[in-house]
Amino acid sequence: MKIARELKQTNIAEYLLYMWQLEDTIRAFSIDADRLATEYVARFGWTDDEKRAEAEWLSNLCIMMRQEGKQERGHLQMNAGTLSLLTDLHLAMLQSPKQAFYSAAYYQALPFIVELRAKEKQVDNEKLELETCFEAMYGTMMLRLQKRPISKETQTAVAHISKLLALLADAWNKEKDGDLEL
């Protein structure tokens, strides 16, 4: 909760990636709130009150994952909703003549997005382009955590996608503050 709250305020793209990682962490602990509290939350150097709040929040996420049938895969509705809101902003930015810099970054990343979508075993035409972008970032993050090699091609693709998502996150903050011109 503490980390998620900070990321949600500062960088919505990092927040969403963090939440995806947290979903997987919860699954790794068999969606067991007690284990999360004793084995996961206990690792952090937080105060007892912070640990209690974090454990309660994780317990609520466990309940949500069960209720939404996300025990094995998929994303919580609140995370899908965040992605949907980001997609709305993304599309508005692409349509705005005042956001040419964003459009340029998108068109630089687009060949990589198309290539990633083509490589998927099951092409889901309903999948949002931004979801593909976040999946690329998340997959790369997981490879780095596992200290596995990342090809030059993937590094190039992720660099372009990362730039696009950084611009989108910046626009999100500007929109939140009422400073975004579309």
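Is Q155 buried, exposed or partly exposed? In this predicted model, Q155 is partly exposed. Its relative accessible area is 38%. That value lies between the 20% and 50% cut-offs, so the residue counts as neither buried nor exposed. Q155 is found in helix α8. A polar atom of its side chain lies 2.8 Å from the backbone oxygen of I150. Q155 can also be placed relative to F112. The two residues are 43 residues apart in sequence. In space, their C-alpha atoms are 11 Å apart.

Confidence comes next. The protein chain averages a pLDDT of 93. A score of at least 70 is reached by 96% of the residues. Among the elements of the chain, helix α2 has the highest mean pLDDT, at 97. Helix α1 has the lowest, at 92. Where pLDDT is low, the predicted coordinates should not be read in detail.

Helices α1 and α2 also form a packed pair. Helix α1 covers residues 2-10, and helix α2 covers residues 12-28. Their axes are 6 Å apart and meet at an angle of about 150°. This angle is over 145 degrees, so α1 is roughly antiparallel to α2. On the α1 side, the contact is made by I3, A4, L7, K8 and T10. On the α2 side, it is made by I12, E14, Y15, Y18 and M19. By class, the contact has 7 nonpolar residues, 1 polar residue and 2 charged residues.

Helix α8 holds a second residue of interest, N173. The helix spans residues 152-176. N173 has a relative accessible area of 15%. This is under 20%, so N173 is buried. Neighbours within four places in sequence are left aside here. Beyond them, N173 is in contact with Q9 and T10. T10 is also one of the α1 residues in the contact with α2.

N79 is another buried residue, at 1% relative accessibility. N79 is found in helix α5, which covers residues 77-95. The side chain of N79 makes a polar contact with the side chain of E23, at 2.6 Å. Not counting residues up to four places away in sequence, N79 touches Y15, L16, M19, W20 and E23. Y15 and M19 also belong to the α2 side of the contact with α1.

L36 lies in helix α3. Its relative accessibility is 1%, and L36 counts as buried. Not counting residues up to four places away in sequence, L36 touches T25, I26, F29, V41, L58 and C62. P97 stands 61 residues from L36 in sequence. The C-alpha atoms of L36 and P97 are 47 Å apart in space.

I31 is found in the loop between α2 and α3. K147 lies in the loop between α7 and α8. Their surroundings can be set side by side. I31 is buried, with a relative accessible area of 5%. K147, at 76% relative accessibility, counts as exposed.

Definitions and conventions. Residues are numbered from 1 along each chain as its sequence is written. This is a predicted model: local features need pLDDT of at least 70, side-chain atom pairs count only at pLDDT 80 or more; totals for chains, interfaces and linings use all residues. Side-chain values use heavy atoms; hydrogens and water are left out. Helices (H or I, at least four residues) and strands (E, at least two) are DSSP runs, numbered from the N terminus. Buried means under 20% relative accessible area, exposed over 50%, partly exposed in between (1.4 Å probe, protein chains only). Contact means heavy atoms within 4.5 Å. Axes are lines fitted to C-alpha atoms, for helices over the stretch in contact, and angles run from 0 to 180 degrees between N-to-C directions. Angles under 35 degrees count as roughly parallel, over 145 as roughly antiparallel, 65 to 115 as roughly perpendicular and the rest as oblique. Ala, Val, Leu, Ile, Met, Phe, Trp, Tyr, Cys and Pro count as nonpolar, Asp, Glu, Lys and Arg as charged, and the others, Gly among them, as polar. pLDDT is the predictor's confidence in each residue, from 0 to 100. A polar contact is a pair of N or O atoms within 3.5 Å; within protein, one must be able to donate a hydrogen and the other to accept it, and residues adjacent in sequence count only if both atoms are side-chain atoms.
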